[in-house]
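Q: Could you walk me through reading this structure? I'd like the general idea each time, then the case at hand.

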Amino acid sequence: MANTTLILFGFGVLMLLLTLGVPVVVSLGLTSVLGVGLLTGSSDVAISILSSTAFEALRDYVFAVIPLFILMGEFVARSGAALDLYNSINRLMRRVPGRLAVATVLGNAVFGAIVGVSVASAAAFSRIAYPAMCKAGYDKSVSLGCIAGSASLGMLIPPSILMIVWGVLTQQSISKLFLAGVLPGIALALMFALFCVVYAIIKPEAFGRKPELAGADAGTASRDADLPPLSKSELIGTGGCLVMIALVLGGIWSGMFTPTEGAGIGALLALVLALIKGVRWEGFVEVIRETGKAAAPIMCLLIFAQMYSRLLALSGVGGTVQTFVMGLNMTPGVVLLAMVLVWFVLGMFIDSVSIILLTVPIFVPLANSFGIDPYAFALIGILSIEAGIITPPFGLVVFTVKGCINDPAVTLGQVFWGASPYWMMLLLLALCVYFVPSLAAWLPAIL
């Protein structure tokens with residue numbers, strides 16, 4: 001069987017399994033093992049390669065960065081520090097139109113610098129911000145769209161699980177990828193916040209300025225009525241989060257420790273914060289359980305992704321695709337547009353990590369051959385994928401938001417509609433990074 005025919009067959013099997021609803025980790029594993037077996041003509045060789053791949057993947061200490069960052073985020077969420085952070089930002093924004101929406105965006109930006117997972121941010125702020133917005137009379141579509149859209153900041157602002165996975169697959173420096181995400185992450189947060197402010201000025205009734213609901217006062221109705229009194233616990237929670245971010249990211253970027261060591265220090269600091277905030281044994285058990293539930297699938301995906309990469313290397317499909325695309329004489333912009341469309345469409349159906357594992361082994365060599373800056377390309381990919389996971393029909397973050405709120409009157413359509421401006425801004429920023437690659441490449445170059 002010719003290699004090209006075999007790869008087409010394997011890709012068809014993979015798409016069929018995904019369409020039938022088979023989990024990505026199972027689909028990717030079966031396809032990779034089957035493909036290597038057919039290429040080598042021996043199932044024993046395929047099993048042997050799989051076992052060596054799993055051993056080499058899991059023994060590399062760099063992979064510990066994923067569960068450690070997830071553990072850090074779980075401790076922060078469980079301790080109530082995320083709520084303290086939201087209340088503090090809310091208090092600072094009390095004279096800004098659309099205050100609660102802006103506080104949600106900025107809260108997600110800071111919380112994303114701790115958690116690094118969009119779904120975790122969406123779940124946390126669905127429980128924290130949505131009740132406050134409902135109390136202030138916000139339109140449900142506006143509030144839920146803001147929560148779902150701003151949750152995407154968790155995958156862009158470092159530390160990001162997607163950046164870690166991207167760095168592992170491409171052998172790029174994870175700390176430099178973190179640096180590449182800083183300016184685009186800040187720009188995206190400012191775009192989201194500015195949108196909320198302008199929207200609140202243009203359509204104030206959607207932001208709680210109905211007198212019968214919120215006693216509107218120049219767009220900042222009931223500024224302090226829905227804020228709890230400033231407490232020592234809130235100061236500890238907010239201060240702890242900011243210190244944790246500064247120490248972890250500052251230590252990584254200054255070269256004091258590696259990303260894995262930084263993740264370990266962050267998890268330790270989060271544990272101390274949780275103890276100070278009163279988390280006890282039952283809470284610790286729940287944190288470990290939730291960390292395992294989140295990290296185990298990613299680790300399994302990484303094993304089969306490396307198996308998938310070996311299948312591509314054995315078959316030579318990367319070189320075949322590169323030769324084919326180069327022969328079409330397309331410009332780098334057209335090739336990149338095709339990749340963005342693939343990422344965007346896949347984001348509608350499967351999770352972000354799976355998309356990276358499926359596409360990066362093929363797309364990155366192609367981008368390199370066209371001379372696209374590797375850090376700009378990574379940011380464009382992550383932005384495109386994040387845009388996809390908040391769009392219909394199966395946006396994962398939207399379903400997370402819907403599942404975390406206790407409001408049967410809310411429909412998925414309302415969340416998707418409210419989130420639509422945010423995925424448009426994500427794609428707009430991806431376009432900006434393409435035309436101004438220094439947005440992503442400048443900080444990694446000078447530090």
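Q: Which residues have the most contacts inside the largest nonpolar core?

A: Ground rules before that: this is a predicted model, where local features need pLDDT of at least 70, side-chain atom pairs count only at pLDDT 80 or more, and totals for chains, interfaces and linings use all residues. Residues are numbered from 1 along each chain as its sequence is written, and side-chain values use heavy atoms, with hydrogens and water left out. A nonpolar core is a set of buried (under 20% relative accessible area, 1.4 Å probe, protein chains only) Ala, Val, Leu, Ile, Met, Phe, Trp, Tyr and Cys residues joined through side-chain atoms within 4.5 Å. Here the largest one has 140 residues, and those with the most contacts inside it are Ile66, Phe69, Ile161, Ile164, Trp166, Trp343 and Phe377. Helix α6 (residues 99-115) gives the most to this core, with 11 residues.

Q: What is Trp343 in contact with, beyond its neighbours within four places in sequence?

A: Contact means heavy atoms within 4.5 Å. For Trp343 the partners include Trp166, Ile355, Phe363, Phe377 and Ile385.

Q: Is Ile174 buried or exposed?

A: Ile174 counts as buried because its relative accessibility is 10%. Ile174 sits in helix α10 (residues 174-180).

Q: How is confidence read, and what is the mean pLDDT of the chain?

A: pLDDT is the predictor's confidence in each residue, from 0 to 100. The chain's mean is 81, and 89% of its residues reach 70 or more. Over residues 211-225 the pLDDT is below 50, yet this stretch has 29 contacts in the model beyond near neighbours in sequence.

Note on methods: Helix = DSSP H or I, 4+ residues; strand = E, 2+ residues; numbered from the N terminus. Buried < 20%, exposed > 50% of the residue type's maximum accessible area, 1.4 Å probe, protein only.
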